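Dear colleague,

Please find the structure below, handed over for your records.

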Amino acid sequence: MDLFIINVIDGLIYGLLLFMLSSGLTLIFSMMGVLNLSHAAFYMLGAYLAYQISIITGFWVGLIVAPLLVTILGAAVERYGLRRVHQYGHVPELIFTFGLFFVIEELVQYIWGRSMVNYNSPESLDFIAFNLAGGSIPAYKVFMLLVSVGIFVALYYVLARTRVGMIIQAALSYPKTVEALGHNVPLVFMGVFGVGTGLAGLAGVIAGPSLTTFPGMAFLLGSIVFVCVVVGGLGSLSGAFIASLLIGWLQTFAASYNVGAGDILIALGYEYPKDIYYHPWRDLWTLTLPQIGPILPYILLVLVLVFRPNGLFGKRES
Amino acid sequence: MKIFKKLTAMVMATGVFIGSSAFADTVKIAFIDPLSGPFATQGSNGLAEWKYAVETLVNENGGVLGGKKMEVVALDNKMDGKESLVQVQVAIDQGIRFIAQGNSSGIANAITDMVKKHNKRNPDKRVIFLNYSAVDPALTNDKCNFWHFRFDANADIKMDAITDVIAQVPSIKKMYLIGQDYSFGKAVAAAAEKYLAEKTSIEIVGNELHPIGKVKDFTPYARKILASGADAVITGNWGADMVNLGKSLKESGFDKPVYCYYCAAVGITGTFGAAGNGMLHLVGEGLHNPSPSAAFTEYHKGFKAKYPKWDLSQPRIINATQMLAKAIEEAGSATDMVAVANALEGMEFDSKILNTKVIMRAKDHQAIQNMHVAIHTDDVDIDYDNSGYGMKIFKTVEMASMDSPTTCKMKRP
């Protein structure tokens, strides 16, 4: 039970981090109808920029400046890249972002090298926030949690309660009408793309010290973010939120409990083979939940696509 | 007088010319490891170590066979098995007779097979494989052959040394084994189970493999290890999997030793920084805090002056270079591979620099040498990653696994 509670907290922190990535991605999709395949590259860029800034001025300046730089870069990518490609339809846009992923990833490795970098949490957060069931929760994790919740609340407020949010939401469903009413829809697009990538950058900044800043980070987290967005329903912010938490918990709990296929087979009435090392079904008997943990989200993805093609909360008919 | 001067100049010029053409006949070593792609750091670090060793230990001391220089030819295998075999062929076509490779046992397995076949078919163009880092025990057991020489300790020898040290730490009662889900991770777990059972009464409270390079957050693993009540952890993890596991353990409040194979240098020491203090226990040969000799301190200084970015993370390269030079001298040839291999086989070498004896065991071509277990700390003279942190020797096992058995049935030409 103790381990259960601590896993709930760990999974929540991880899930909220995923949400920070998937929220930007789903926003961009709902606005522009394009899946930004380079999203995780901006996450990586955020981490490395923050690392560079933190060497010079410390962590806190990096926390503010790095996401802003990523936002500006994201907006520039939309303005001078994606907007030009937009007229040729969605497939070229998709290919554009696909290529951009590798360009950014290689560029980052070119500048900062191919080994991991020493990007650490600030000393002021280097203490244990509280102890629970023999395990400790570091203050930095609590900080991550607070930042993620703050972003969710702010995002929700902007989209649901402000004029800007109204225009964004309207442009989402009726871009032509909004444009006819005199709003600058391309500017809205650029802003949303910038903010979306900026959120990915922010996720990188706060995840970098915890999940290690290394060249494979974009690839490692990139695919799972798409799962969050598709499971939640493309374009649905609340869907992305629920799906992110779900996948955060799914992965945490899968890694925590060593339930083996052997236990299940025994429960089903099969007998444990005597000489397991030479048994033809050895791999099945010795398979454990943590080993298949990382593919569980993808199984969920397939199931959701089969039974609810629009995702859990998706409304958009495509 | 003027004519005399001109004449001397001419004679000297001719002398230089003849001399240089004699020197042009160099002994080349093909270095085949990743120099681009995600593993370029490891490969480039190894290349710097090879180049420096050959330059300072052989060439500056007059070369081999009465003045022949040695040269390291870098060939990029991109950490790919197929590409490696292509590069071995490139080396052979260039007339290179020595192949050095170390990153990935999978690739080493492919190369050793290719070298074996090639030497059988081309007795006049035989090559020798200097394996300086690949630690899969099979290479000196079932898959051994006369042309393969391993200068690093294999995974079993390392585990033998780790468990020797663990047996002397009475506070360790419960052990958790965790590794990456592939051949090497499994080999480490199997060796740990075997040696712990033989030497100690330590209970193994966890033995698990996680998917390699796919775990995003190691926190749940750390929680599980903590909940198991383990007094120590043994892991063969490398790269980001090592760093993330270690950091998560630290963050979750685990303050006990983690015995590891690959938890230093190539960015790892720098990334851990203070978080690794007292936790990481590295097993390896040639660890150098305190420095093994004045000669090593000097050697390290020279290396850092030339390659400030890299570390002497694989000191066995020093042994490999010196032993190869010695074997070539003893054989009196750098082209008669049977003679060179025979000289290397069973060689007992006293490393003045690393202050250890190295025996290239004749029955399986596995180097036997002193092994160390060292702890991550900032109390060091020689650091890694220019971070101020390094590995300080905690215990030394002299000539580790000297009498260990092997299944190798060596076929000699």
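In this predicted model, chain B falls into two domains: domain 1 comprises 20–154 + 293–368, and domain 2 comprises 156–288 + 371–397. The centres of domain 1 and domain 2 of chain B, taken over C-alpha atoms, are 28 Å apart.

Where the two domains of chain B meet, domain 1 contributes 16 residues to the contact and domain 2 contributes 17 residues. On the side of domain 1 of chain B that touches domain 2, at least two residues come from each of helix 2 (40–58) and helix 10 (294–306). Helix 2 of chain B gives the most to this side of domain 1, namely 3 residues. Sorted by class, this side of domain 1 of chain B holds 5 nonpolar, 7 polar and 4 charged residues.

I turn next to the contact between the chains. Here, 33 residues of chain B are in contact with 32 residues of chain A. Several elements of chain B each supply at least two residues of the side that touches chain A: helix 2, strand 7 (203–210), helix 7 (219–227), helix 8 (239–251) and helix 9 (268–272). Helix 7 of chain B gives the most to this side, with 7 residues. The side of chain B that touches chain A is made up of 12 nonpolar, 12 polar and 9 charged residues.

With kind regards

How values were computed: Residues are numbered from 1 along each chain as its sequence is written. Chains are lettered from A and ligands numbered from 1 in the order in which they are written. This is a predicted model: local features need pLDDT of at least 70, side-chain atom pairs count only at pLDDT 80 or more; totals for chains, interfaces and linings use all residues. Domain bounds come from an automatic or database domain assignment. Two residues are in contact if their C-beta atoms, placed from the backbone, lie within 7 Å. Helices (H or I, at least four residues) and strands (E, at least two) are DSSP runs, numbered from the N terminus. Ala, Val, Leu, Ile, Met, Phe, Trp, Tyr, Cys and Pro count as nonpolar, Asp, Glu, Lys and Arg as charged, and the others, Gly among them, as polar.
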